[in-house]
Amino acid sequence: MKYVRLGSTGLEVSRLCLGCMSFGEPDRGADTWTLGTEDSRAIIRDALEAGINFFDTANVYSDGSSEEIVGAALRDMGRRDELVIATKVFGAMRPGPNGGGLSRKAILTEIDASLRRLGTDYVDLYQIHRWDANTPIEETLEALHDVVKAGKARYIGASSMYAWQFAKALFTADAYGGTRFVTMQNHYNLLNREEEREMLPLCLDQGIGSLPWSPLARGRLARPVGVETRRTGDDAFGDSLYKGYDDADRAIIDGVGQVAETRGVSRAQVSLAWLASRPAVTAPIVGVTKPGQLADALGAIDIELTEAEVDQLERPYVPHPVAGF
């Protein structure tokens, strides 16, 4: 396993981050395609044995079940001082007032709830899952600063917002002497490269590490057009991100297949190798539901694409509507 610094911090993380949205009892939350405890633990065990030390979850994943499964597995199989555990806050965890969002009340309530579910005294990276238009960013940043100073989080990060919003948050933290965001978890892959326009240049300028989610476009980059999986039919959020395929999407997916066939590797490895090589990207967040998918992702780390291959993958791209926030 290769390790890199998390943005401009001194924290070392594995070149791949294991996304834990796929872990959660199927009877908890809205998704029925998630893995239960035993299947999840098997994948987490394989990830640890492969040297992955970076695990990303969120309070809303399977109504907290993901944090419970991940926390228990890492306690049983890992050493806390060697692990980098990330979770997120924003989504509604209960109906009624103050059940979600980024108010001071919500953040201070939800960090404690996440720590209880994870079974740890602190998380390494605490991220805001989305921008909260109803809460002043000053209030959110002050609460996050207090979370860090209380020792409940080592670093803070953000996810899926406009570049002007992220720039405002960074400027505000600097102006008030607060804790600064060190990562941006954004929607970025070969089928959605809109982040290259403003967000990724901002991250490069400010020393922010990018942690792309949906690196395989919900699996669309890992299989030919038209091939579906169990998750395909039960993934409303994924459907909202990728509404069918245009000609450019098809050309990109076909290009991934051609490069993969020529090299004798999988489509997933080609797509991940491209993403991992992009400026500002620290560690793609890979979701795994089968052991073979983890092996594919691990194999991508050592693949270096040629300029011609990169051009073949990138050339068909056309602008897409912003999706994911």
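Colleague: Let's start with alanine 280: does that residue count as buried or exposed?

Modeller: Keep in mind that this is a predicted model. The general idea is to look at relative accessible area, where under 20% means buried. Alanine 280 has 16% relative accessibility, so this residue counts as buried. You'll find alanine 280 in the loop between α9 and β10.

Colleague: Where is arginine 218, and is it buried or exposed?

Modeller: Arginine 218 lies in the loop between β9 (209-210) and α7 (236-241). Its relative accessible area is 13%, so arginine 218 is buried.

Colleague: And arginine 79, buried or exposed?

Modeller: The cut-off for exposed is over 50%. Arginine 79 comes out at 52% relative accessibility, so this one counts as exposed. Arginine 79 belongs to the loop between α2 and β5 (84-89).

Colleague: Which residues is serine 62 in contact with?

Modeller: For this kind of list, we leave aside neighbours within four places in sequence. On that basis, serine 62 is in contact with Phe23, Gly24, Glu25, Arg28, Gly29 and Thr34. Serine 62 itself is in the loop between β4 (54-56) and α2 (65-77). With 8% relative accessibility, serine 62 counts as buried.

Colleague: Now the nonpolar core. How many residues does the largest one have?

Modeller: Think of buried nonpolar residues joined through side-chain atoms. Here the largest nonpolar core has 74 residues, and those with the most contacts inside it are Leu18, Ile44, Phe55, Tyr126, Phe166 and Phe181. Helix α4 (residues 137-149) gives the most to this core, with 6 residues. There's also a second, separate core of 12 residues, which includes Leu6, Val84, Val182 and Ala283.

Colleague: What does isoleucine 44 touch?

Modeller: Again leaving aside neighbours within four places in sequence, isoleucine 44 is in contact with Leu18, Phe23, Phe55, Val70, Ala73, Leu74 and Met77.

Colleague: How many residues of α9 are buried?

Modeller: 9 of its 10 residues are buried, so α9 is mostly covered. The buried ones are Ala268, Gln269, Val270, Ser271, Leu272, Ala273, Trp274, Leu275 and Ala276. They pack against α8 (247-263), β10 (285-287), α10 and α11 (307-314).

Colleague: At what angle do α9 and α10 pack?

Modeller: Compare the directions of the two axes, then how far apart they are. Helix α9 (residues 267-276) and helix α10 (residues 291-300) pack at an angle of about 45°, with axes 8 Å apart. The two helices are therefore oblique to each other. Their crossing is right-handed.

Colleague: Which residues make that contact?

Modeller: From α9 come Ala268, Gln269, Leu272 and Ala273, while α10 brings Ala295, Asp296, Ala297, Gly299 and Ala300. Sorted by class, the contact of α9 with α10 has 6 nonpolar, 2 polar and 1 charged residues.

Notes:
Residues are numbered from 1 along each chain as its sequence is written. This is a predicted model: local features need pLDDT of at least 70, side-chain atom pairs count only at pLDDT 80 or more; totals for chains, interfaces and linings use all residues. Side-chain values use heavy atoms; hydrogens and water are left out. A nonpolar core is a set of buried Ala, Val, Leu, Ile, Met, Phe, Trp, Tyr and Cys residues joined through side-chain atoms within 4.5 Å. Buried means under 20% relative accessible area, exposed over 50%, partly exposed in between (1.4 Å probe, protein chains only). Helices (H or I, at least four residues) and strands (E, at least two) are DSSP runs, numbered from the N terminus. Contact means heavy atoms within 4.5 Å. Axes are lines fitted to C-alpha atoms, for helices over the stretch in contact, and angles run from 0 to 180 degrees between N-to-C directions. Angles under 35 degrees count as roughly parallel, over 145 as roughly antiparallel, 65 to 115 as roughly perpendicular and the rest as oblique. A crossing is left-handed if the near helix is turned anticlockwise from the far one by less than a right angle, and right-handed if clockwise. Ala, Val, Leu, Ile, Met, Phe, Trp, Tyr, Cys and Pro count as nonpolar, Asp, Glu, Lys and Arg as charged, and the others, Gly among them, as polar.
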